[in-house]
Each structure stands twice: as structure tokens, then as C-alpha cells.
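Let's take a friendly walk through a protein fold, one piece at a time.

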Amino acid sequence: MLDVPTGHPGHPPLTSPMAFLTWTARRGWRTLAVACLLASTVSLSGAAVPLLLGLALDTGLEEGVSARLLWLALALVGVGLVSAVATTFGHAAEVGGWLHGAFTSSRLVGHHVTRTGPAIGEELPTGEVVSAVANDSFHIGNVLELLPAFVGGVAGYLAVTIYMLQASPTLGLVVALGLPVVTVIVSLLIKPLQARQRAQRDAAGRLATLATDTVSGLRILRGIGGEDVFAERYHAQSQRVRRAGVRVAGVSSVLEALQVLLPGLFLACVVWLGARLAITGEISPGELVTFYGFTAFLSEPLRWVTQFINFFTRARVAARKLIGVLSVTPEAGTLAESEAADSLPRPAVPEGPGTVVDERTGLAPLPGALTAVVAPSPGEAEELAGRLGRLDDRVPGTVLLDGVPLHDLPLEEVRHRVVVASATPQLFTGTLREALDARDAALEDGELLRALHTADAHDVLESLPEGLDGAITEKGRSLSGGQRQRVALARALLTDPQVLVLVEPTSAVDAHTEARIAARLANYRRGRTTVVLTASPLVLEHADDVVLLDDGAVRARGRHRDLLTRAAAGDPEALAYHDVVGRSLATTEVR
């Protein structure tokens, strides 16, 4: 019952919050069924206590100490034991329901985010996604935790009402109608409470987004002296969250007060009416005690029902937010394609170089060699990289891999055969070994060290006392920008794809380091196709082939020195190449 959900999180309906909550509950129906059964046992045991006390009182008044009275006393002890055991195991089952609801929801978000890639960040702020895991999933767990108590409360209410209608129609009718009326009055506050909770949830999401942006850009803020401005913005937004929380607390406090006041008034009315019936002889003293006990007992189910309604409104708001996150579609491929890939073995990368052709620009990198692509604008280079790696299906153009369009290949196969390393790579918390072995291929130390040598990242290894098992902090903040870039380059090399696309892989390193990386990179990738998008002469010098892209088409091609020689001779295409690379030549001399 207390096992955390594992395996595939499933495919919830995204049509409405109610459909999502129903689906989540059905996924853990076994645990919830046990919890509801035990909660009903506890509730019925509580209802049995006033009944047994009333029978024991009438028996004692009529017969004195008798065998029947002793049996009733033993029955009370038995009911207490049953209630104690059911309460113990029932609480464990309720916690299991919370675990199921909370972890299923958070795993759904995590699973979905890994498959939608950058699309999730383009459609939703980071704080919204963080709040979905940190807050909304908890509300889903809370409503499933309280569901058994709600079911048990309804079971106890029905049992008591049926008995009272048979024993005393007048009192039974008052109880049968009174508790629903109290519940309806309390539920009138649910709609305004839900609206205020939604506003508070939106404000909290914006606050989380602001905090995430501020922390990630703290170094830049310090550089421009903007800490105070952003601190003031955070303070203003936190005050909005506080005010929204106060508005929620105002309605919640009224709701909590009514949960105490209305059952108390109802109990007083039932006791007054029962006392009058006992005076007139319509009910016995034992029945009066029983009815009083029933009324006091029913205040607990009423509290469960109203609390469940409160939690249910929060869960509906949370489910709506979760649906917003889960409705984001990936930029490349489909979710169904990603799900199908989960059940298949990891595709093998074919031996030998990959032949790739970009039909839109006419770019055809040399198979098994290092081809450098020079583009006048970074945007054109990024678009080409995205097209070669099929990062966004919305980008027009067809890319052929060994003669087959990338769109006709399973996305999982594309990801293993073509790897794109962006200009701003991300590192994750863990050891250096884990940061390098991105595909968890259990690589040998020799392979890791060879990749680090190629990326000239020996200084990273030396800076960690534990070597490959040394810790890398969140986003690699313990490393410099150049070190992060070189570790990311080594990570990309270790994936060993047919086609490796590198976007400005040496932009954050000095000229001497860049020259060493460029010389080693060509040798490391010999026999595999490598495309480097760069205008750095130090990298172009070691490329087997250099291609100039201009206005979406191949304009010049050749070795770096050959193109410079042709430019000196007045070749217009080579001159265009010189105009782009010349800026980098001047920069290199300065460096």
C-alpha cells in the first residue's frame, strides 16, 4: 500500500479536471478500495458505540446486571478493538493513496517534460512547471488521501439515518434532512473559495518564475548592479501572493467556523427534540442516549465531508494547472512516438559514417570527415543545426540521412544517429562520470579520459579531488564557462553518433586551447561525419572541408587556405567567405 508508483506513469485524459482526477483515482483503485473499506469500518464502529450504550442502559434499567448486559459490554470492547485495528491500517492505506496521487502527478509532469524538450519552456514559464510538481501534485495526493474518510463518513451517515428513521421517524427525518442542509450551506462557500485559490495559485506560479529567473541570472545582475531592482520586483510579487493567500484564508476561516458552528447548532436541536420525546414517553432513556450519541457521532462525518469538498476544490484547480502542462506538444515527433520508443530496445548506431544531405541549402558534408560550415548570422547556423538534428518539425526543409528523410525515421533512432550539441550546453548535478556518460552506457575510464583529452578538459579532472567521481554542481556552476563548454564537448563526443553537429564548440575558450581542440577533434571523429558550425579560423584550419552558407544556400566550398587563396585572387565567392571569416581572423589575432 505504501509503495511509490513506478513504471510508465500512463496517459491521463486532458479533457477536464474531473476526468484527470477520476483517472488518477482509478490508477490506484486497489489501495483506495482497501482504504475506503477500512474507513467505513471505522465509521460504522463509531456509530455502533452509541447504539450499544443505549441498549446497555435500557437493559441495566430493566434487568440490572445480567448476562445480556455483560454481552453488550463485551461487544463494546470488541467494537473498540476493531475500530483501533481498522484505524491503524486505514491510516497506512490513506497515506498510500496520497503517495499514489502525488507521485503519479509529479511523475507525469517529469515524464512529459523530458519528451517535449524546449517546447515546454516556450509555452510555459519555468515557475509554472516547478509549481506543478511542488504544489499541484500535493493537492492531488491530498484529495485521494481524504477520499476514504469521505466514503466512510457517507457510509456511517446512511447507516445511522436508516436506523433512526425506523426507531423514531421524527428524529430520523430531522437527522436525514438536517445534515444535507448543513452541507449545502457550507458548500455555498466553495465557489468563491475556488476562485480565490486559483488566483493565489497563479500568483504563486509567477513568483516561482521570477525567483528562478533571478537566481539563474544572479551573476549578470551583480555585474550590472541590478540586484536591488529585482529584489524589489520579487518583494512586490511576494506581497501579491501574500494578499491572495489572505483572501483565501478569509473564506477558509469562515468555512472552518461553519464546520464547528452548524453541527453544534444541529446537535443542540436534536438533543432538545429528543428530550421532549423522552419526556412524553415516545422513546426510552436508552434511545435518547443513542440518538444523542448518533448526533454527536455524525458531526465527524460532516467534518469529513466538508473538508473533502475543500480539498476537492483545491485538487480541481491543481488538476487544471497540470492539464495545462501536460497539453504541451513536442516540437519534433509526437508524444505517441516517444511512448512507443520507451517499450523498444535502444536503437543501435550503424557502423561507418553517416551520409547527410540538407536539400534546402544543398549542404552535403563529407562522410566520415570534419566539415566546417560558416554562416554569416548565428540564427542561420542555429536553424541549420536544428534541421540537421530534426529538433523542430515546424522548420521547413528536408534532410536525408543515408538517403532516407529524417521525418520518415523514428525520432528515437534519429536521436541516436544524429547528435546536436548547442552553443549553450547544460550540465546537470552529479559526478563528472555521470555528466560525461549521458546515455548511461557504462563507459570505461579510458574512453572517458580520451574524450576529456580531445576536449582539452584535463584541468576539470585535476580540479576534482575524486577525479571522474568528483561532484559537478547544479548547471556546472562550480566550473568556468570554458570548462563547462569543454565538458559538454567531451559528453557529445562520447555519444559516438553517425553524425555529430557542433555549434560553436570553442567559443568560450582561449586561442591556444581552441587550436588543441580543433587538431584533436578531427582525429577523434575520423571515420564518422562531423559538422562544426563556426567561423573560427583555428577550427577552420583543421577542417577537411569548409562550406560557406549565404542566403540559405551553399555559396563557396573548399579547404580553408584554398578559399583564402582564391579570395586573394579575386574570386567573388571566396571573397564572401573572407568577409565573414575576416572578422574572426581579427578577433583571433587579438586573442
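The paragraphs below go through some of the helices and then the sheets. Before we start, keep in mind that this is a predicted model.

Let's begin with helix α2, which covers residues 29–63, and helix α3, which covers residues 67–116. Their axes lie 8 Å apart, and the helices pack at an angle of about 160°. Angles over 145 degrees count as roughly antiparallel, and α2 and α3 are therefore roughly antiparallel to each other. As α2 passes α3, the crossing is left-handed. What kinds of residues make up the contact of α2 with α3? By class, there are 21 nonpolar, ten polar and three charged residues.

Stay with α2 for a moment and look for Ser 40, which is found in this helix. Is Ser 40 buried or exposed? Its relative accessible area is 13%, and a residue counts as buried when that value is under 20%, so Ser 40 is buried. If you set aside the neighbours within four places in sequence, Ser 40 is in contact with Val 151, Gly 152 and Ala 155.

Next, find helix α5, made of residues 126–167, where Asn 135 has its place. With a relative accessible area of 35%, Asn 135 is partly exposed. Now compare sequence and space: Asn 135 and Ser 106 are 29 residues apart in sequence, and their C-alpha atoms are 9.5 Å apart in space.

Helix α3 also meets helix α1, which spans residues 17–27. The axes of α1 and α3 come within 10 Å and cross at roughly 115°. This time the crossing is right-handed. From α1 come Phe 20, Trp 23, Thr 24 and Arg 27, and they meet His 100, Gly 101, Thr 104, Ser 105 and Leu 108 in α3. Sorted by class, the contact of α1 with α3 has three nonpolar, five polar and one charged residues.

Now we can turn to the sheets. One of them is an open sheet of six strands with mixed pairing, in the order β5-β8-β9-β2-β10-β11. Which strands form its edges? They are β5 and β11 (553–558), and each of these pairs on one side only. From one strand to the next, the twist averages 20°.

Strand β5 (residues 418–421) runs parallel to β8, and four bridges join the two. Across that pairing, Val 418 stands opposite Val 499 in β8. Strand β9 (residues 529–533) also pairs with β8 in the parallel sense, over five bridges. There you can find Val 503 opposite Leu 533 in β9. Elsewhere in the sheet, four bridges join strand β2 (residues 370–374) to strand β10 (residues 545–550), and these run parallel too. Thr 371 stands opposite Asp 545 in β10.

Another open sheet has three strands in the order β1-β3-β4, with antiparallel pairing. Its edge strands are β1 (356–358) and β4 (404–405), each pairing on one side only. Three bridges connect β1 with strand β3 (residues 399–401), and Val 357 stands opposite Leu 400 in β3. Look for helix α12 (residues 378–388) here: α12 lies across β1 and β3 and runs at about 130° to β1.

Our last stop is another pair of helices, α15 (residues 445–454) and α17 (residues 481–494). Their axes come within 8 Å and cross at roughly 130°, which makes α15 oblique to α17. The crossing of α15 and α17 is right-handed. On the α15 side, the contact is made by Glu 447, Leu 448, Ala 451, Leu 452 and Thr 454, and on the α17 side by Ala 490, Leu 493 and Leu 494. These contact residues divide into six nonpolar, one polar and one charged.

Terms used. Residues numbered from 1 in each chain as written. Predicted model: local features only at pLDDT ≥ 70, side-chain atom pairs only at ≥ 80, totals over all residues. Heavy atoms only, no water. Axes fitted to C-alpha atoms, helices over the stretch in contact; angles between N-to-C directions. Parallel < 35°, antiparallel > 145°, perpendicular 65-115°, else oblique. Left-handed = near helix turned anticlockwise from the far one by under 90°. Contact = heavy atoms within 4.5 Å. Nonpolar A, V, L, I, M, F, W, Y, C, P; charged D, E, K, R; others polar. Pairing = 2+ DSSP bridges. Buried < 20%, exposed > 50% of the residue type's maximum accessible area, 1.4 Å probe, protein only.
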